[in-house]
Amino acid sequence: MDALILKRASASRLSGEWSEDDYDVLCEGAVVDRIMKAAAAPVGQPWLWTLAYGHHEDRMPAHGYEATRETAMAAFARSWRQE
């Protein structure tokens, strides 16, 4: 199974200003997901995960909200590893 690496957006993306609560998820060197604290989110679930464009086809769900960064990463991993 391919390793998923969580990397701060500020270290992953060359341009722009990124929050300390903004991350990219890499698989084999490619950005496949973004996890961040959303400005508008359901109560108690501030962390948004969303599959990167081009990686969302045939995967459900393709995004979601979670209570913590860790649970957002786990929810993303379940979607990513669907057969």
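**View 1. The hairpin of β2 and β3, where E28 takes a positive phi near 55°.** Two residues lie between the strands of this hairpin. Strands here are DSSP runs of E, at least two residues long, and helices are runs of H or I, at least four residues long, both numbered from the N terminus. Strand β2 covers residues 22–27 and strand β3 residues 30–37; they run antiparallel and are joined by six bridges. Look for C27, whose bridge partner in β3 is A30. This is a predicted model, with local features needing pLDDT of at least 70 and side-chain atom pairs counting only at pLDDT 80 or more, while totals for chains, interfaces and linings use all residues. Residues are numbered from 1 along each chain as its sequence is written, and side-chain values use heavy atoms, leaving out hydrogens and water.

**View 2. The open sheet, with five strands in the order β1-β2-β3-β4-β5.** Pairing is antiparallel (strands pair if DSSP finds at least two bridges between them). Because β1 and β5 stand at the edges, each with a single partner strand, one side of each has no neighbour in the sheet. Five bridges join β1 to β2, and K7 stands opposite D24 in β2. Five bridges also link β3 with β4 (residues 47–51), where L48 is the bridge partner of M36.

**View 3. Helix α2 and its buried residues.** In α2, A72, M73, A75, F76, A77, S79 and W80 are buried (under 20% relative accessible area, with a 1.4 Å probe and protein chains only). Their cover includes β1, β2, β3, β4 and β5.

Notes:
Buried means under 20% relative accessible area, exposed over 50%, partly exposed in between (1.4 Å probe, protein chains only). Contact means heavy atoms within 4.5 Å.
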